Amino acid sequence: MKKFSVKTIVAIGIGAALFFVLASYVAIPTPIPNTKISVQYPVLAVLSMLFGPVAGLLIGLIGHFLTDLAGGWGVWWSWVAGSAFFGLVMGFVGKKIRLDEGEFGVKGAVIFNIAHIITHLIAWGLIAPGLDILIYDEPMEKIFLQGAVGSIGNIVSTAIVGTLLCIAYVAARPKKGSLQKED
């Protein structure tokens with residue numbers, strides 16, 4: 001098994017903490033109970049793409065676990081699994097986009113947006129509601145409504161904030177091979 005670098009371990013800790021803070025304090029409530037529009041998923045997407053699938057999985061898992069634990073409603077493992085899945089998949093997407101090399105053009109933005117839309121739909125439209133029904137015996141209508149609203153909110157926030165974060169990250173980094181030694 002590949003060992004994590006100190007940089008990756010720090011990214012997991014900071015990413016999980018950011019996930020917790022954003023989920024707990026920077027969320028827009030919706031009319032659907034226990035469903036918010038959040039900005040932790042754009043951050044999770046970018047960190048996952050930069051540090052890989054295992055780091056993304058752990059950031060989503062730990063961050064969502066801490067959010068639920070501190071929220072006072074108990075840990076909903078079904079939704080924790082959705083966040084972990086989202087981080088894992090976006091980590092694999094990062095291998096295709098290569099933000100770490102300082103490139104994010106139109107092709108990268110299209111890949112990023114298609115990938116996160118599909119991943120959100122699977123996480124919040126299938127995994128979380130499906131596990132809620134299996135684990136917690138939740139009513140199907142209620143849980144799929146929460147999943148639909150969660151999917152839409154997460155897709156919109158990730159499309160806007162995530163794309164802007166990718167553009168800002170790339171703008172702040174020199175492109176690979178662009179630095180030259182002065183004479």
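Here is a quick tour of this chain, from its overall build down to a few single residues.

What you see is a predicted model, so local features need pLDDT of at least 70 and side-chain atom pairs count only at pLDDT 80 or more, while totals for chains, interfaces and linings use all residues. Residues are numbered from 1 along each chain as its sequence is written, and side-chain values use heavy atoms, with hydrogens and water left out. The chain has six helices and two strands. Helices (H or I, at least four residues) and strands (E, at least two) are DSSP runs, numbered from the N terminus.

**Overall build**

- Reading from the N terminus, the elements go α-β-β-α-α-α-α-α.
- With 183 residues, a compact globule would have a radius of gyration near 16 Å, and the chain's 17 Å agrees with that. This radius is taken over C-alpha atoms, and the globule rule is 2.2 Å times the number of residues to the power 0.38.
- Along the principal axes, the C-alpha atoms fill a box of roughly 70 × 35 × 30 Å.
- Take the contacts (heavy atoms within 4.5 Å) between residues at least 6 apart in sequence: 73% of them join residues at least 24 apart.

**Surface and charge**

- Of the 183 residues, 43% count as buried. Buried means under 20% relative accessible area, exposed means over 50%, and partly exposed is in between (1.4 Å probe, protein chains only).
- The chain exposes about 10,000 Å², and carbon and sulfur atoms supply 70% of this area. Accessible areas come from the Shrake-Rupley method with a 1.4 Å probe; for residues, only the protein chains shown count as cover.
- There are 13 positive and 10 negative side chains, and the centres of the two sets lie 11 Å apart. Lys and Arg count as positive and Asp and Glu as negative, with His and the chain ends not counted. Each charge is placed at NZ of Lys, CZ of Arg, CG of Asp or CD of Glu.

**The nonpolar core**

- In soluble globular proteins, nonpolar side chains tend to be buried together.
- A nonpolar core is a set of buried Ala, Val, Leu, Ile, Met, Phe, Trp, Tyr and Cys residues joined through side-chain atoms within 4.5 Å. The largest one here has 30 residues, and M49, M90, I97, L99, F104, F112 and C166 have the most contacts inside it.
- Helix 1 (6–25), helix 2 (40–51), helix 3 (53–71), helix 4 (77–97), helix 5 (106–136) and helix 6 (140–172) each supply at least two residues of this core. Helix 2 gives the most, with eight residues.
- Setting aside its neighbours within four places in sequence, M49 is in contact with M90, G91, V93, G94, I97, L99, F112 and C166.

**Residues to look up**

- W76 sits in the loop between helix 3 and helix 4 and counts as partly exposed, at 25% relative accessibility. Not counting residues up to four places away in sequence, W76 touches D68, D132, Y136 and E138. W76 and I135 are 59 residues apart in sequence and 9.4 Å apart in space, C-alpha to C-alpha.
- R98 is in the loop between helix 4 and helix 5. R98 has a positive phi of about 65° although it is not a glycine, and it is partly exposed at 40%.
- D137 lies in the loop between helix 5 and helix 6. Phi of D137 is positive too, near 55°, and D137 counts as exposed at 68% relative accessibility.
- V106 belongs to helix 5 and counts as exposed, with 69% relative accessibility.
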